[in-house]
Amino acid sequence: MNKSILLVLSLALAVACGKKEASAEDNYQPGGGEATTEAAADPASYDPKRGEGKYDTVELGATLDQAMATKGEEVAGVKCASCHKTTDEKLVGPGWKGVTERRTPQWIMNFITNPDPMIDKDPEVQAQLEICLVRMPNQGVSDDEARGILEYMRKNDGVK
Amino acid sequence: MKNKFVQAILVIALGSALVSSCKPKNSGDAVSGDAAQRVYVAPGKYDEFYNFVSGGFSGQMSVYGLPSGRMMKVVPIFSVDPESGWGFSEETKPMLNTSEGFIPWDDQHHLELSQTNGEVDGRWIFANANNTPRIARVDLKRFKTSEIIELPNSAGNHSSPFITENTEYVVAGTRFGVPGDYDKGDVPINTYKENFKAHISFIKVDKESGKMDLSFQLRLPGVNFDLSHAGKGKSHGWFFFTCYNSEQANTLLEVNASQNDKDFIMAVNWKKAEEYIKAGKGKIEKTKYAHNTWNDETHTGTSVIKDEVLVLDAMAMKDICYLMPCPKSPHGCDVDPTGEYIVGSGKLAALIPVFSFDKMVKAIGKKDYEGDYEGIPVLKYNSVLHGEVQKPGLGPLHTEFDGKGNAYTTFFVSSEVVKWDIKTLKVLDRVPTYYSVGHLMIPGGDSKKPFGKYLVAYNKITKDRYLPTGPELTQSAQLYDISGDKMKLLLDFPTIGEPHYAQAAPADLIRNNGQLKIYDIKKNNHPRVAKGEKETKVVREGNKVHVYMTMVRSHFSPDNIEGIKVGDDVYFHITNLEQDWDVPHGFSIRRAQTAELLIMPGETATLNWKPSKVGIVPFYCTDFCSALHQEMSGYIRVSPAGSNVPISYSLGTNLPASSTK
């Protein structure tokens, strides 16, 4: 009996106030818009060879573009070298030696210019994160700069 | 029997539950039942408005979201801020320089958003310093103080920083009449009437860069200028200032400056003043004032002391300024969105006089004067008056507008906001405030285009509104919904310092103005930047040591430094190499007699340290930056003065044993 009284009472309370509470979403119309949240992508659509980003293919020369590699080295000195060595030794992130043999050029370009979604989706990067524990930051690298870095990585891997 | 009894109880209980459950108890009848949902902004969602609130005696500006009342940022302006290093880093110290040197504090009263065509444009916000007269410009792409200009010949910079409708000028009227810097200042105080004058500054604002320049000052009788607002629309070209102490009392102002039945609203024809300046009627006077500017590429402030100002004697020019008699020490001076009505709030009056711009222009044309005040024509009250709001409340202070023909005035003594019709002068509604309201703000409420919807009252006293916190209690803001006929209290929220005037703009206007996320390290032209770890080094120049250091998640380069000696003057020039949004790093040194540095991505900042004890001194990053943040640290070896330990530095390799002797 007591229980049913409580039930009725609480139902009545809910009804009495429910009208107002339920309309919270309708009443509030934020003029400032909503915070952007990353769209949840289908992980099955992720291509681990290509990565995620604007590059489908990257044209590489048969030989090294020396000028481009030099520019890339300059950028890397400011934006990358704090964490990546050119040897195979891990610093904050993995060493760069051999990276152009392990990864496709488009994967490298996508990862440099669009790291966050790839850190969230790429199985190998996720495994790497468990070792390094620092997410590779988006260093605001432009397309030209990224291409230069890739050329510098090729130079580092012995392309002449 | 038992059942009937239970049923009766149930009915009573149900009835009273229905009544009491939907009526918030402690906030009284003032809060309507749906207040909570109207201010609720769900996690991850944005507020509708940015609300910029003056920090009063904190010297800073706070930024809130409306309707939630959530505080998002405090922008350091006139007071040092150990949290960000403002006023502590070598680069920011010049921003607080004045003609009398570095000043670590001020009292920040009023804010004004920049406008184009009388509408808020979301580019900059101007702030006044009341104690040491200064005007600051805060860049709203960076939420950073970009410029501070000191005002000569002034004391108590209260009636500022109000702007003309295209941000042509920021004005600043002195609250205290004082002898000008170019007058003889060493005079007996009781010679006030003879020697004290008041100056109003017109600061030109560059259309593109926002850069300020003290264009000219008007020399005026020694009254106290209190508040001001520019004309708009038809009254563009005019500025209006309230003034009190027309008695020119110099002691016990509480009594002696409240003698006259009427003081004045001064109308300034600033376009006319410009003409006189062009015609060479101004006089260059000697003075000293600081003009401090921030450079985003060198990440450094520069202070220049200027020594001249152009002064135009408005008492000698008969057609720049006109006085409109206004009852009882007027405070607020507010111009409605059409530019026709000027509301003067006589803070000791029990009515609100509303003046008509058209009538004023006519009266000036007919020279409808009742006399003059030290050479300034005084117009007849009845010739310029649109009308008076009768019995609105006690102690009117400030008025804002909703763009629908209504005005809203705060009443300090009777603790309320009163809504009235500008044309008919009829009181339409009143709501209590808790307690003793000063300023109020409607988004865009002093512009040509108010956004309406909300009104915020900024209260001087909170007493029992919050949990007690000892003798000093928070001051507060109260949010009202003004979208309907009746004002509705929605929310209380605490503020920093003492809130005076505030501004608000729709969120999109600010967040889509080109918000800066990082400083581009390529454009970093700091003279001691290290662009990459290969440029880091430690250089001794006599007893000065310059450390060129970098920071990135999560280490410093270098992080082992030796060869520092007691008595050295050490400068850490630290560059944050990150180029990612929301990744500042902090820097602190044990027992350094200064604040931390908080360095934005791509920025360089400098901390000065004078070690006085031999030993090993750790330093570390103060802003949690990654999972390895606790590892972001380093050591400095401090040797005795005269020691011959050489300068050495490294990262990731132990120094050779030879260097450790």
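Before the points, one definition: two strands pair if DSSP finds at least two bridges between them, and strands (E, at least two residues) and helices (H or I, at least four) are DSSP runs numbered from the N terminus.

This is a predicted model, in which local features need pLDDT of at least 70, side-chain atom pairs count only at pLDDT 80 or more, and totals for chains, interfaces and linings use all residues. Residues are numbered from 1 along each chain as its sequence is written, while chains are lettered from A and ligands numbered from 1 in the order in which they are written.

1. Let me start with β32(B), since the definition above applies directly. This strand covers residues 475–481 of chain B, and six of its seven residues are buried (buried means 20 or more other C-beta atoms within 10 Å of the residue's own, exposed means 12 or fewer, and partly exposed is in between, with C-beta atoms placed from the backbone). On one side, β31 (residues 454–459) of chain B runs antiparallel to β32(B), joined by six bridges; Y458(B) has A477(B) as its bridge partner there. β32(B) is also joined to β33 (residues 488–495) of chain B, again antiparallel, through seven bridges, with Q475(B) partnered by T495(B). A hairpin of six connecting residues links β32(B) and β33(B).

2. Which residues touch the most other members of the largest nonpolar core? They are I265(B), V268(B), M324(B) and L455(B), in a core of 128 residues. Here a nonpolar core is a set of buried Ala, Val, Leu, Ile, Met, Phe, Trp, Tyr and Cys residues joined through C-beta atoms within 7 Å. Beyond its neighbours within four places in sequence, L455(B) is in contact with Y408(B), V417(B), L440(B), I442(B), Y480(B), I482(B) and M487(B) (contact: C-beta atoms, placed from the backbone, within 7 Å). Another core of 58 residues lies apart from the largest one, and its members include V75(A), M109(A), V545(B) and V547(B).

3. Chain A has eight helices and zero strands, and 28% of its 160 residues are buried. Of the contacts in chain A between residues at least 6 apart in sequence, 74% join residues at least 24 apart. Helix α5(A), residues 105–113, is mostly covered, with seven of its nine residues buried: W107(A), I108(A), M109(A), N110(A), F111(A), I112(A) and T113(A). These buried residues pack against α4 (99–102), α6 (115–121) and α8 (143–156) of chain A.

4. Next, the open sheet in chain B. Its ten strands are ordered β6-β7-β8-β9-β17-β18-β13-β12-β11-β10, and the pairing is mixed. The edges are β6 (108–116) and β10 (157–163) of chain B; each has a single partner strand, so one side of each is left without a neighbour in the sheet. Neighbouring strands are turned by 25° against each other on average, direction ignored (axes are lines fitted to C-alpha atoms, for helices over the stretch in contact, and angles run from 0 to 180 degrees between N-to-C directions). Helix α5(B), residues 270–278, packs on the sheet and touches β11, β12 (197–205), β13 (212–221) and β18 (300–313) of chain B, making about 90° with the direction of β18(B).

5. The β10(B) end of that sheet can be followed strand by strand. β10(B) pairs antiparallel with β11(B), residues 169–174, over four bridges, and S159(B) stands opposite G173(B). Five bridges then join β11(B) to β12(B), also antiparallel, with Y169(B) opposite K204(B). Because eight of its nine residues are buried, β12(B) is largely enclosed by the rest of the structure. β12(B) and β13(B) pair antiparallel over nine bridges, one of the pairs being S201(B) and Q217(B). Their hairpin has six residues between the strands, and G210(B) there takes a positive phi near 80°.

6. Is I616(B) buried or exposed? I616(B) is exposed, with 10 other C-beta atoms within 10 Å. The C-alpha atoms of I616(B) and R637(B) are 4.7 Å apart, although 21 residues separate them along the chain.

7. Finally, the domains: chain B is divided into domain 1 (49–245 + 268–328 + 460–511) and domain 2 (521–660), with bounds from an automatic or database domain assignment. Their C-alpha centres lie 38 Å apart. The contact takes twelve residues from domain 1 of chain B and 16 residues from domain 2 of chain B.

Technical notes: Contact = placed C-beta atoms within 7 Å.
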